[in-house]
Amino acid sequence: MNHSELAWEFAEVFDDLATDQVNEMLAKNVPLETLEFFTSYCESFAQAEGVDAETSRRLPNLMLVGYLLRVLEDRLLDEPGDESGDESA
């Protein structure tokens, strides 16, 4: 499975989850400090860049989805060089 396929699978699964399931998944996979950072960072970024209010409210969710995809990639996808133990690739 490549990165694009993984992202599509993630989106399909995420779309099928009920709110309580999403909350449970977040609690198990995302530290509270990370969620707080996303909110704070996005507020600062939106203000500095003049992002409209509707988009600004969505920025933390976008960062969260990116974070979750990265966590999933780390858990599922083989890194180059893992099979041979060669880290120089």
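Biologist: In this predicted model, is Tyr41 buried, partly exposed or exposed?

Modeller: The general idea is to compare the relative accessible area with two cut-offs: under 20% is buried, over 50% is exposed, and partly exposed lies in between. Tyr41 has a relative accessibility of 41%, so this residue counts as partly exposed.

Biologist: How many aromatic pairs does the whole structure contain?

Modeller: A search of the whole structure gives five aromatic pairs. One of them joins Phe38 and Tyr67: their ring centres are 5.8 Å apart and their planes lie at 70°, so this pair is edge-to-face. Phe38 is in helix 3 and Tyr67 is in helix 4, 29 residues apart, and the pair thus links distant parts of the chain.

Biologist: Are Phe38 and Tyr67 buried or partly exposed?

Modeller: Phe38 is buried, because its relative accessibility is 7%. Tyr67 has a relative accessible area of 26% and is therefore partly exposed.

Biologist: Which residues do the ring pairs join into a cluster?

Modeller: The cluster consists of Phe37, Phe38, Tyr41, Phe45 and Tyr67, linked by ring pairs.

Biologist: How does one describe two packed helices?

Modeller: One gives the angle between their axes and the distance between the axes. Here, the axes of helix 3 and helix 4 come within 9 Å and cross at roughly 135°. The two helices are therefore oblique to each other, and their crossing is right-handed.

Biologist: Which residues make the contact between helix 3 and helix 4?

Modeller: Helix 3 contributes Thr34, Leu35, Phe37, Phe38, Thr39, Tyr41, Cys42, Phe45 and Ala46. From helix 4 come Ser56, Leu59, Pro60, Met63, Leu64 and Tyr67. Sorted by class, this contact has 12 nonpolar, three polar and no charged residues.

Biologist: How far apart are Ser44 and Ser56, in sequence and in space?

Modeller: They are 12 residues apart in sequence, and their C-alpha atoms are 9.7 Å apart in space. Ser44 lies in helix 3, which spans residues 32-49. With a relative accessible area of 45%, Ser44 is partly exposed.

Biologist: How do helix 1 and helix 4 cross?

Modeller: The axes of helix 1 (residues 3-16) and helix 4 (residues 53-76) come within 11 Å and cross at roughly 120°. These helices are therefore oblique to each other. Their crossing is right-handed.

Biologist: Which residues of helix 1 meet which residues of helix 4?

Modeller: On helix 1 they are His3, Leu6, Ala7, Phe10 and Phe14, while on helix 4 they are Val65, Leu68, Leu69, Leu72, Glu73 and Leu76. By class, the contact has nine nonpolar, one polar and one charged residues.

Biologist: Is Glu73 buried or exposed, and which residues does Glu73 touch?

Modeller: Glu73, found in helix 4, has a relative accessible area of 15% and is therefore buried. Leaving aside residues up to four places away in sequence, Glu73 touches His3 and Leu6.

Methods: Residues are numbered from 1 along each chain as its sequence is written. This is a predicted model: local features need pLDDT of at least 70, side-chain atom pairs count only at pLDDT 80 or more; totals for chains, interfaces and linings use all residues. Side-chain values use heavy atoms; hydrogens and water are left out. Helices (H or I, at least four residues) and strands (E, at least two) are DSSP runs, numbered from the N terminus. Buried means under 20% relative accessible area, exposed over 50%, partly exposed in between (1.4 Å probe, protein chains only). Axes are lines fitted to C-alpha atoms, for helices over the stretch in contact, and angles run from 0 to 180 degrees between N-to-C directions. Angles under 35 degrees count as roughly parallel, over 145 as roughly antiparallel, 65 to 115 as roughly perpendicular and the rest as oblique. A crossing is left-handed if the near helix is turned anticlockwise from the far one by less than a right angle, and right-handed if clockwise. Contact means heavy atoms within 4.5 Å. Ala, Val, Leu, Ile, Met, Phe, Trp, Tyr, Cys and Pro count as nonpolar, Asp, Glu, Lys and Arg as charged, and the others, Gly among them, as polar. Rings of Phe, Tyr and Trp (its six-membered ring) pair if their centres lie within 6.5 Å; planes under 30 degrees apart count as stacked, over 60 as edge-to-face and the rest as tilted.
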